[in-house]
Amino acid sequence: MTTAAQILGLCLVIFGFCATTSNGHYLDQFYCGPDNCYELLGVSRESTKQEIAKSYRQLARKYHPDLHHGVEQKQTAEESFKKIATAYEVLKDEESRNDYNYMLDNPQAYYAHFYRYYRRKAKIDVRLVIVVTISIISCIQYVTRWQRYDTAIKYFMSLPKYRNKALEMINQSGTNGVTGSNGKHGRSKLSKAEQKKEHDEQIRKVIENNMDIQGAYAKPEIRDILWIQLFLLPYTIGRYICWAGRWVWKFNVLKQPYGREEQLYLIRKYMRLTAVQFDSIESDTVEQFLRQQLWIKSNFDRWKVEQENEKKKQMADNPRYKAYRRYMKNHGPGRLTFEE
């Protein structure tokens, strides 16, 4: 989810930068460009629609190209006529005029101007924008999760411990690198590069089938993407309400003992970890948490103090940390020195 947000944010920044640098300023892209629509028509922001229409008709008669003679005069009049016509198109419509006034009052709100302007020009439905945005985020999210999973599999393939175990399982299965009906004779016809590729594919297949990867690098599922989560949101909310009600009734009212699932939930809650972060902890460590009964608040508080003291002790024994403490003692945090 984080990666998708970063990509969308980067796209918005690039789009905004292009708009601000094109023709010197982003305002050149909208409405009357660098000119003020009110000034072009000779009216003020307090003018009524009738006053704006009257001023436009007067200026239109004055600058109409057919009323001027000569190439230069006709060209100048035509440019002026186009400007006042554009200004009138902006100010005659109440919605367009409100958007223009908003831009004048909030010139720094770049993305709001993009949305307001092109929403009217292209008649874009807000619902369509939301659908497209969610679809893009879902696609990026799914692809990113597959990339993370692929990175984890390649990492385990590079470790001798898991690679040798996979080779042992391949030998025990009797395939021994033989693919399909080719047999040893078919495999002998392959080049060394092809043999290595086939060998790595077998190792990868064994690791994928036997490795239980948890946490952020787990194998992605279709239900994890944003679209499916939104679709299942009513069910998720209902399930949470039932779970919360069951918890209150079973453990607060009836005072029943916690089961393993509830114990792990309380430990994760006290540690302030997400489900993904907690699932990435080694199973042996989780079992140790259970043996220490960390779902009991007093036990967890005592364990937390012990962990903090252990961390301080390790830092105190660290040579770099000792040097840092000596420096802070001798020089203080606010002194800049060139001493070695």
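A word on what you are viewing. This is a predicted model, in which local features need pLDDT of at least 70 and side-chain atom pairs count only at pLDDT 80 or more, while totals for chains, interfaces and linings use all residues. Residues are numbered from 1 along each chain as its sequence is written, and side-chain values use heavy atoms, with hydrogens and water left out.

**Stop 1: the whole chain**

Switch to a cartoon view and you will find 17 helices and zero strands. Both are DSSP runs numbered from the N terminus, with helices (H or I) of at least four residues and strands (E) of at least two. Of the 340 residues, 25% count as buried; buried means under 20% relative accessible area, exposed over 50%, and partly exposed in between (1.4 Å probe, protein chains only). Contact means heavy atoms within 4.5 Å. Among contacts between residues at least 6 apart in sequence, 59% join residues at least 24 apart.

**Stop 2: the disulfide**

Select Cys 32 and Cys 37, which are joined by a disulfide with an S to S distance of 1.9 Å. A disulfide is a pair of cysteine sulfur atoms within 2.5 Å, and the structure holds one. The torsion about this S-S bond is about 115°, so the disulfide is right-handed. Both Cys 32 and Cys 37 are buried. For another cysteine, select Cys 242, which is exposed, with a relative accessible area of 57%.

**Stop 3: two nonpolar cores**

A nonpolar core is a set of buried Ala, Val, Leu, Ile, Met, Phe, Trp, Tyr and Cys residues joined through side-chain atoms within 4.5 Å. The largest one has 21 residues, of which Tyr 31, Cys 37, Leu 41, Leu 91 and Tyr 100 touch the most other members. Helix 2 (37-41), helix 3 (49-63), helix 4 (71-92), helix 5 (94-105) and helix 6 (110-122) each give two or more residues to this core. Zoom in on Leu 91: leaving aside residues up to four places away in sequence, Leu 91 touches Cys 37, Tyr 38, Leu 41, Ile 52, Arg 97 and Tyr 100. A second, separate core of 14 residues includes Leu 264, Ile 267, Val 286 and Phe 289.

**Stop 4: helix 16**

Now select residues 297-317, which form helix 16. Its buried residues are Asn 299, Phe 300 and Trp 303. Seen down the axis of helix 16, these fall within an arc of 90°, so they line one face of the helix; the arc is that of the directions from the helix axis to the C-beta atoms. They pack against helix 13 and helix 15. Turn to the face away from the buried side to find the exposed residues Lys 312 and Lys 313.

**Stop 5**

Most residues other than glycine have a negative phi. Select Lys 255, in the loop between helix 12 (233-253) and helix 13 (260-271): its phi is positive, about 60°, although it is not a glycine. At 65% relative accessibility, Lys 255 counts as exposed.

Finish at Gln 293, in the loop between helix 15 (283-291) and helix 16. Gln 293 is not a glycine either, yet has a positive phi of about 55°. With a relative accessible area of 37%, Gln 293 is partly exposed.
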